[in-house]
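Please read it with the structure open.

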Amino acid sequence: MVTLSRVQIGIVGKPNAGKSTFFAAATLKDVKISPMPFTTIDPNIGIGYVRIDDCPCGSIRCNPRSYSVVEGVCYAPVELIDVAGLVPGAWQGRGLGNQFLDHLRRAPVLIHVVDASGSTDEEGRLVKPGTHDPVKDVEFLEREVDLWLASIIRKDWDKVVRFVEFSKKDIVEVLSERLAGLGIGRVQVEKALESSDLLKKPPSKWGEEDFYKFSSTARSLSKPIVIAANKIDLPEGEEGYKRLKETYSHKLIIPTSAEAELALRRAAAKGLVKYKPGDGTFELVGEATPQQKAVLEKIADLLKKWGSTGVTRALNAAVFDALQYVAVYPVEDERRMSDKQGNVLPDLLLVPKTYTARDVAYAIHTDLGERFVTAIDARSGRRLASDEQVTHGLVLKIVAR
């Protein structure tokens, strides 16, 4: 069985924006949900799922082990890390913010759950809907993450200076080693230095603005942020979403109602409705009380207007748009598209679209990568060139010595 580690997604935002509700809706894991700030202290960690509508399982009867299939739709697991609500000054430790940010070290992408309805201020305190600008929340959170990263880079900076200026080491190499634990690779370090005009500037001459500029660029490259414009079910939420779209036209912004998704997931678990996460409709199949019917009717109107609750769309945007990953199905028998036991399409891997078949082999196991000879597209029978990138939906047979 394939043992590739799951993609990690950090769930961030200020208190009361709906982070824990989003997490609960995506994972169906019981978490503390309360209008009190800092309801979440330790990070909640659970499994959510990205949805793949164009998977091979739509036309092939498969036996999934590392993913799920519901009516021809594949759901690939991802790990969600819901950290405590962040407040201004978090990077300096306010509200234990630097401790909470530290939980995001390995997550390559973040989902920022924003209260689009403007019903909570910058500290997460309840205010009249529409009186707080959600645009300010986006500005604040990105700045907090960037300053947190800058504080890590600045720590023991004299050592970096000595390595680069006295030991004649490459600054790209030195910073890459220091930032590897944050999921920031050599290519991202080099791009950030180049973009910040710091490739040739001596480290001893770096000022506060240089640290911040480099950190901000490195973060945008290594931890892109998807915005889940939450509470879209409120009139003020719709207005806030429009404002976010107008202000940040270049960002991935998903209209979201975490409460609606959580209600549908719980109703489906109880057999009250038939619903697949990410669907734009649901079917009432159980006996509902008048109160439940009223809630479901409102959710039906929401789905008709927005196409979905946005929770699965946000996860998909994080993996397939922000990270630009693709789904690959490794098999051992390319003719039957199965493993040695005859399980058809047993595994699904989410990998960067820049990966070659050899990279996929290494991702499965180092030994398999070292013994790699070639790879075969199981559906067409075509052999892949050694430097050819894998494609979304590829059923892949790896040939090894």
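The points below go from the domains to their interface and then to the salt bridges.

1. The model is predicted. In the protein chain, the domain assignment gives domain 1 as 8–144 + 225–320, domain 2 as 145–221 and domain 3 as 324–400.

2. The centres of domain 1 and domain 2, taken over C-alpha atoms, are 33 Å apart. Eleven residues from domain 1 and 13 residues from domain 2 make up the contact. Between them the two domains bury about 1200 Å², and 56% of this is on carbon and sulfur atoms.

3. What polar pairing crosses the interface of domain 1 and domain 2? The rule finds nine residue pairs in polar contact, both residues being at pLDDT 80 or more. On the side of domain 1 that touches domain 2, the elements giving two or more residues are α2 (97–102) and α3 (134–154). Helix α3 gives the most, with four residues. By type, the residues of this side are four nonpolar, one polar and six charged.

4. One salt bridge is found across the interface of domain 1 and domain 2. Glu142 and Arg219 form a salt bridge, with 3.7 Å between the closest N and O atoms.

5. Asp82 counts as buried at 0% relative accessibility, and Lys19 counts as buried at 5%.

6. Asp115 and Lys231 also meet in a salt bridge, at 3.4 Å from N to O. Asp115 belongs to strand β5 (residues 109–115), while Lys231 sits in the loop between β6 (225–230) and α8 (235–247), so the pair ties together parts that are 116 residues apart in sequence. Both Asp115 and Lys231 are buried.

7. Arg382 is partly exposed, with a relative accessible area of 41%, and Glu388 counts as partly exposed at 23% relative accessibility.

8. Salt bridges also link Arg51, Asp53, Glu71, Lys274, Lys276 and Asp279 in a network.

How values were computed. Residues numbered from 1 in each chain as written. Predicted model: local features only at pLDDT ≥ 70, side-chain atom pairs only at ≥ 80, totals over all residues. Heavy atoms only, no water. Domains from an automatic or database assignment. Contact = heavy atoms within 4.5 Å. Buried area = accessible area lost by both parts, 1.4 Å probe. Salt bridge = Lys/Arg side-chain N within 4 Å of Asp/Glu carboxyl O. Polar contact = N/O pair within 3.5 Å; in protein donor to acceptor, adjacent residues only side chain to side chain. Nonpolar A, V, L, I, M, F, W, Y, C, P; charged D, E, K, R; others polar. Buried < 20%, exposed > 50% of the residue type's maximum accessible area, 1.4 Å probe, protein only.
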